[in-house]
Amino acid sequence: MTAYIIRRLFAVIPVMAVVALFVFFLLRFAPGDPAAIIAGDDATSEAIAAVRAKLGLDRPVVEQFAVWVWGLAHGDLGVSIFSNLAVTRLIAQRLEPTLALTLSTLFVAVALAIPLGVLAAWKARKLVDRLAMGFAVLGFAMPVFVLAYVLIYFFAVRWQLLPVQGYVPIAEGLWPFAQSLILPSVALGVTYMALIARITRASMLEVLQQDYIRTANAKGLATDRVLLLHALKNAAVPIVTVIGIGIALLISGVVITETVFNIPGLGRLTVDAVLKRDYPIVQGLILVFAAVKVVVNLLIDISYAFLDPRIRY
Amino acid sequence: MMFRLFAGLLALLLPLSAVAQEKVLRAVLHADVRVIDPVWTTQTIANIHGALVYDTLFGNDADQKPQPQMVGKYEISLDRLNYSFTLRDGLKFHDGSPVTTRDVIASLKRWGAKDGVGQRLMGYVSEMKAVDDKTFTMTLKEPYGMVLESLGKSGSSIAAIMREKEALTDPQQQVKESIGSGPFIFAKDQWVPGSKAVYLKNKDYVPRSEPPSSFAGAKIPGVDRIELIWMPDPQTAMSALVNGEIDFWENPNTDFQPMLEKAKGIKLLKTGKIDSTQGMIRLNHLQPPFDNIKARQAMYYLINQEDYLRTIVGDPRYYKVCPGLLTCGGPYENDGGTQWMKEYNPKKALQLLKEAGYKGEPITVLAATDHNTITPATQVLIQAMREAGINVDVQSMDWGSVVTRRAKKDPPAQGGWNIFVTTSGGVGSANPVLHTWIGASCDKGLFGWPCDPEVEKLRNAFGMASTEDERKKVAKELQARAMDDVVFLPFGQWDIPLAYRADRISGIVPNTGLVVLWGITKK
């Protein structure tokens with residue numbers, strides 16, 4: 001297992017190198033010029049050219065790439081073209097809201113989806129199953145922003161129970177922190193809930209037809225023990241895979257949810273940087289996202305060995 | 001033991017009480033603060049930041065007359081060549097150091113090297129010299145009537161006074177610290193670019209004694225803390241305002257206005273008679289067909305301002321047909337050249353274009369897809385051009401790409417362009433010298449590069465004019481000439497009101513050309 005993990009970690013290096021190369025040149029060849037955006041509406045062509053020169057954007061692309069890679073090799077992701085702040089600082093500022101939203105969303109999704117999926121599989125093709133899966137399909141089909149606006153209207157504007165927008169760091173109080181996450185987590189969690197519930201149902205249905213489940217039932221074990229201890233544990237591998245993919249997707253940005261609820265997360269940082277052509281931020285973020293995806297995939301693979309003793313690396 | 005446990009839990013559950021007791025103004029503006037140097041960029045949001053943090057020597061009042069701000073007394077020689085300025089008492093930077101003439105001269109030199117209006121002023125200045133720490137002189141090569149107006153302007157790139165340390169930064173580079181002597185202190189450690197910028201009350205600030213008037217008068221920091229919160233989604237901003245989570249929203253969408261008008265505790269405020277936005281269609285004078293003056297003049301027959309204004313704003317209370325190039329309602333509004341704007345006639349437009357040599361070649365329009373006013377205005381223009389039978393090559397792109405591409409002088413087929421749509425602030429557009437889009441200084445001018453020495457001569461003459469009557473006369477001649485040359489096609493003027501919680505805040509300073517948040521107090 002240790003050798004496998006080390007091998008996988010080393011495999012990260014070529015993946016990151018390809019991502020770095022691809023992102024850097026894609027950005028440079030895309031239309032748009034940060035110097036023109038910085039200079040503003042009333043700037044002349046000469047003023048824009050002067051800003052471009054000072055930012056080093058008029059140098060050959062290969063030279064710019066070499067400078068960036070040299071910085072990366074020294075652990076420096078660069079400095080934002082606009083704010084002059086270190087990219088690492090900007091990413092660090094957005095990490096807490098993103099992690100908080102990711103974890104709370106997954107909590108909502110998993111807490112609802114697994115019971116729903118298990119119930120639907122247990123009562124397969126009966127009314128409960130149809131209702132549960134109908135709910136899941138509805139959750140999956142409804143755009144996040146529609147649900148978000150509906151939630152805001154009722155819970156924030158009309159009943160004034162929760163805030164419309166914003167993120168309150170946990171250091172400023174547990175209840176304000178939780179309040180700021182309830183609506184976004186529910187809006188986003190419903191989509192993931194639907195996905196996890198359907199996977200749980202499908203996986204459980206397959207397991208429930210196995211001989212050892214029939215044996216457990218024949219031995220007179222209580223239904224809940226059969227479902228939760230025997231069936232769910234053996235159906236867990238695909239469920240964990242979906243949850244893992246969900247974590248990677250959520251960390252790399254849920255732009256619409258972050259925008260509607262005004263949460264300063266990594267997704268919005270990415271989109272803003274792309275629109276402003278703030279190259280160092282985009283490059284830094286894509287590298288971080290790539291690393292997160294690789295690590296999450298590795299953790300998922302490792303978890304398989306714990307969930308299913310037959311799997312060995 | 002139990003009491004301590006309970007107290008600990010309570011502390012964890014409740015927000016920090018110190019923050020709750022502060023008077024905090026939460027405002028949503030049109031953009032987020034990403035750049036902290038108002039001289040390095042002409043972005044309005046950087047100037048809003050600059051106006052909070054930095055002070056200026058002069059400030060233009062509601063009538064656009066310059067009034068002393070950091071300056072206590074000043075003298076102008078009879079030949080109008082020598083200016084002497086003395087700083088008023090009590091001016092201190094946020095780090096506690098006093099403001100000296102060294103800081104002022106270095107700041108003016110940096111601003112004068114970067115900003116268009118500053119460059120024009122510095123073209124007349126032969127020398128700036130410190131007499132002592134509080135007095136300095138400015139000597140001109142020839143009289144220039146816009147010295148004080150330029151120093152007091154509130155539109156793009158205010159003449160912000162920085163510490164000498166920052167003012168010596170290359171004008172093409174952004175300063176690293178934003179330490180001014182203005183009414184609010186920038187809390188850089190709390191700045192989250194793309195989300196929030198925080199400003200703390202400058203308790204050492206000594207405001208002027210005159211009442212606030214636009215960019216002049218007392219700049220009283222009325223709250224302890226200002227949070228500029230960036231909300232990219234207008235629906236969220238509206239809900240947040242209704243819910244009382246924010247106090248001030250600079251640019252509510254016009255379709256939200258009926259809801260905001262009915263919402264309890266909220267008021268809409270038209271900020272002033274010239275604090276508006278002017279719509280402009282810019283033609284590329286370097287490329288055919290608009291290198292021909294007749295082709296440019298043909299485009300006047302495609303402008304029906306009502307079409308644009310109804311599409312952008314909708315509610316007639318908030319827009320105004322304005323056929324001139326200088327802000328309607330401003331001191332230099334006039335009818336020079338406005339005969340061009342009298343007739344909407346697409347057939348005549350095409351006929352005149354053909355007479356100018358247009359043979360149906362594609363005309364490239366840079367169409368921004370993500371701007372709340374420029375996008376719909378461009379669509380109206382494209383529709384009118386198609387109605388006339390013009391071959392329109394619509395290049396759709398985000399605004400960031402438009403601002404990049406419009407700087408290219410190449411032919412449209414090689415990445416250049418023929419037409420783009422933009423806007424200008426009404427306060428700046430009220431004055432022919434401050435309104436840089438009215439200029440026609442060829443290669444040195446703004447995108448589109450109109451080239452008419454007579455226009456520039458008249459702008460200079462406006463600057464030289466010594467009486468208000470003379471200025472008005474020159475402004476009319478200038479507008480007539482600029483409209484004949486088609487420096488840009490105006491498509492109207494609008495004044496979208498800001499929205500605020502009238503049950504919580506008061507004291508908004510109107511007609512500034514820039515959102516200024518000093519003077520606002522909160523209950």
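Which strand does β1(B) run parallel to, and how many bridges join the two? Before the reply, some housekeeping: this is a predicted model, in which local features need pLDDT of at least 70 and side-chain atom pairs count only at pLDDT 80 or more, while totals for chains, interfaces and linings use all residues. Residues are numbered from 1 along each chain as its sequence is written, and chains are lettered from A and ligands numbered from 1 in the order in which they are written.

1. The partner is strand β10 (residues 225-229) of chain B, joined to β1(B) by five bridges. Helices (H or I, at least four residues) and strands (E, at least two) are DSSP runs numbered from the N terminus, and two strands pair if DSSP finds at least two bridges between them. Within this pairing, B:V24 has B:R225 as its bridge partner.

2. Buried here requires 20 or more other C-beta atoms within 10 Å of the residue's own, exposed 12 or fewer, and partly exposed is in between, with C-beta atoms placed from the backbone. By that count, 54% of the 523 residues of chain B are buried.

3. Do look at the largest nonpolar core, which has 222 residues; among those with the most contacts inside it are A:M193, B:A27 and B:L517. Such a core is a set of buried Ala, Val, Leu, Ile, Met, Phe, Trp, Tyr and Cys residues joined through C-beta atoms within 7 Å. Its largest share, 15 residues, comes from helix α8 (residues 174-208) of chain A. A:M193 touches A:V108, A:A109, A:L112, A:A113 and A:G139, leaving aside residues up to four places away in sequence; contact means C-beta atoms, placed from the backbone, within 7 Å.

4. At the interface, 44 residues of chain B are in contact with 48 residues of chain A. The largest share of the chain B side, five residues, comes from α8(B). This side divides into 17 nonpolar, 20 polar and seven charged residues, where Ala, Val, Leu, Ile, Met, Phe, Trp, Tyr, Cys and Pro count as nonpolar, Asp, Glu, Lys and Arg as charged, and the others, Gly among them, as polar.

5. Chain B also has an open sheet of six strands with mixed pairing, in the order β14-β18-β13-β17-β15-β16. Its edge strands, each pairing on one side only, are β14 (319-320) and β16 (392-397). β14(B) pairs with strand β18 (residues 489-494) of chain B in the antiparallel sense over two bridges, and B:K320 is partnered by B:Q493.

6. The peptide bond from B:P288 to B:P289 is cis, with omega near 0°, and B:P289 sits in the loop between β13 (277-283) and α10 (293-298) of chain B. B:Q64, not a glycine, has a positive phi near 65°; this residue is buried, with 25 other C-beta atoms within 10 Å. B:W449 has a positive phi of about 50° although it is not a glycine, and counts as partly exposed with 19 C-beta neighbours inside 10 Å.

Key:
Two residues are in contact if their C-beta atoms, placed from the backbone, lie within 7 Å.
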